[in-house]
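This report goes through a structure that may be new to you. Please look at the sequence and the model before reading on.

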Amino acid sequence: MTINREEPIFSTYLHEKGARFGIPISGNFELTAGCNFRCPMCYVREDSASCREKELTTAQWLGLAEEAVRQGMVFALLTGGEPLIRRDFFEILRGMKRLGLLVTINTNGSLIDREAAMRFAEDPPLRVNISLYGTEDSTYLRMCGQPCREKVLDGIRLLKQAGIDVRLNVSLTEENADDFDGILRTARELGVHIKASAYMYPPVRVGKDAASSCRLDPDRAAALTVAYDRFRLSEESFRLRAGRMKEIARRTDGAAAGLSKREKKCRAGRTGFWITWDGRMLPCGLMTAPVAYPLKVGFTAAWEQIKRETARITLPDGCRSCPKRDACFICAAICSAETGGYRRSPEYVCRMTESVMHRMADAAACGVTQRENAEETR
Amino acid sequence: MKIKKELIKREIAGDTILIPIGKTIADSSGLFLLNEQGAFLWDIIPAAETEEELTEALLTEYEVDRETAEKDVREFLDRLREMSIL
Ligand code: SF4
Ligand code: SF4
């Protein structure tokens, strides 16, 4: 059993079980494409009036959730766009909880005022993930088009006072990378967990390419990834990780690996699904295909189709035989978003992986002893 | 016996879990996993007046000796009390 230590053990357990029986344990409901922010890397936001009309109704969301619960769904992620701009947001939250779902919310945090916090306390979700884009109004202005620093920090405090578990999600781009130290400091001061990513998907779903998303060049993204690892891992774990990377880097200097049969598979389309704001079911919100239409064919038929079609996806040979594979974060969604398919390995990801690996190997060179390496393999 | 928290019992691929609804905040473990006997007891707790009633019910339903049944019931109730469910 693979243990992802960022999640509770029962969740890992249920997903493992779900994978064995093809149960949709977790689902993402993208409640809206609308948002009061304007982030350049956003892969969902579209705010024409016609989009609003295509959004699913309260009854449609709850209906889909009910069908999914009958198939075994346990975890729901309510996301967007900004889910709190929906007037019926709390009605949906309550309805989903009443169905027996453990609900997590993704929000930009700018709309969490006293009243919203009270309503969250009435129907506490499992967790609220708040995207923190910076610690200065100037960063917020650059990244999101709104100087919302105070509002977001207040939102975090209000939720914490209401006893709600909060996690910070941090996306790093050219617009806010300089504020990363500040973000880490703020997380520590607030005493909340943080999940940061310096890798940004090209926002292909909204027809934009990587260039327009202000993403970092791969080397800078790698540097920030390593900085984040240093922050989140204990000294011991960091050194173990660095040692592992050094080992992979050493192997990479030798001959290319054979074609691996072992596919590291993620949960998308195996135990997880995503429903877009306009009612399409995808394995993962970062993919554009395979797609099914649960409002037309019913949840169960849509889920069966997604499972079947996801199972056929394989990564390019270049990735399957890549000696760096164990150091790489490649997945099907990344590959298709970067290259438009599954034939070519994505160059950006190769470069970022290479850079992370060498930076970690350098870190290992100043300090991992043989004994620790031996301990780790035990 | 009165169950204080609002929890829904759900069955997922042979496992019985309790999921908090309403104001109950899911604790760090998020939900409670029940074994077969726990799931059985859970259903009859609201109607039961005493611990003995639960023990009797367990004895009728499962092939266990009295001593084990008493112990199982006590441990289960203790655990529910610990989690402020009872
Ligand atoms: S806050 Fe989230 S949904 Fe809104 S624009 Fe930014 S990335 Fe998109
Ligand atoms: S994306 Fe590049 S580094 Fe990663 S596994 Fe594929 S070929 Fe290797």
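## The sheet of chain B

In this predicted model, B:Lys9 stands opposite B:Leu18, a residue of β2(B). The strand β2, residues 15-20 of chain B, pairs with β1(B) in the antiparallel sense, and the pairing runs over 6 bridges. Both strands belong to an open sheet of 3 strands in chain B, ordered β1-β2-β3 with antiparallel pairing. The edges of the sheet are β1 (7-12) and β3 (32-34) of chain B; each has a single partner strand, so one side of each is left without a neighbour in the sheet. On average, neighbouring strands of this sheet are turned by 30° against each other, direction ignored.

Strands of a sheet pair through backbone hydrogen bonds, and the pairing is either parallel or antiparallel.

## Where the two chains meet

A helix of chain A, α1 (residues 9-21), lies across β1, β2 and β3 of chain B and runs at about 135° to β2(B). Counted by residues, 21 of chain B are in contact with 25 of chain A. The two chains, B and A, bury about 1,700 Å² between them, with 63% of this area on carbon and sulfur atoms.

Across the interface of chain B and chain A there are 2 salt bridges. B:Asp15 forms a salt bridge with A:Lys17, where the closest N and O atoms are 2.9 Å apart.

## The ligand shells

Ligand 1 has around it A:Cys35, A:Phe37, A:Cys39, A:Cys42, A:Arg45, A:Gly81, A:Asn108 and A:Tyr133. By class, this shell holds 5 nonpolar, 2 polar and 1 charged residues.

The residues surrounding ligand 2 include A:Cys319, A:Cys322, A:Cys328 and A:Cys350, as well as A:Lys324 and A:Arg325. The shell around ligand 2 divides into 7 nonpolar, 2 polar and 2 charged residues. Two helices of chain A, α13 (317-320) and α15 (347-365), each supply at least two residues of this shell.

## Backbone details in chain A

A:Gly81 sits in the loop between β2 (75-79) and α4 (89-98) of chain A. Another cis peptide bond joins A:Ala289 and A:Pro290, with omega about -5°. A:Pro290 is placed in the loop between β8 (281-282) and α11 (294-297) of chain A.

A:Cys214, a residue other than glycine, has a positive phi near 60°. The loop that holds A:Cys214 lies between β6 (193-197) and α9 (218-232) of chain A.

How values were computed: Residues are numbered from 1 along each chain as its sequence is written. Chains are lettered from A and ligands numbered from 1 in the order in which they are written. This is a predicted model: local features need pLDDT of at least 70, side-chain atom pairs count only at pLDDT 80 or more; totals for chains, interfaces and linings use all residues. Side-chain values use heavy atoms; hydrogens and water are left out. A residue is near a molecule or strand if one of its heavy atoms lies within 4 Å of it. Ala, Val, Leu, Ile, Met, Phe, Trp, Tyr, Cys and Pro count as nonpolar, Asp, Glu, Lys and Arg as charged, and the others, Gly among them, as polar. Two strands pair if DSSP finds at least two bridges between them. Helices (H or I, at least four residues) and strands (E, at least two) are DSSP runs, numbered from the N terminus. Axes are lines fitted to C-alpha atoms, for helices over the stretch in contact, and angles run from 0 to 180 degrees between N-to-C directions. Contact means heavy atoms within 4.5 Å. Buried area is the accessible area (1.4 Å probe) that two parts lose on being put together, summed over both. A salt bridge is a side-chain nitrogen of Lys or Arg within 4 Å of a carboxyl oxygen of Asp or Glu.
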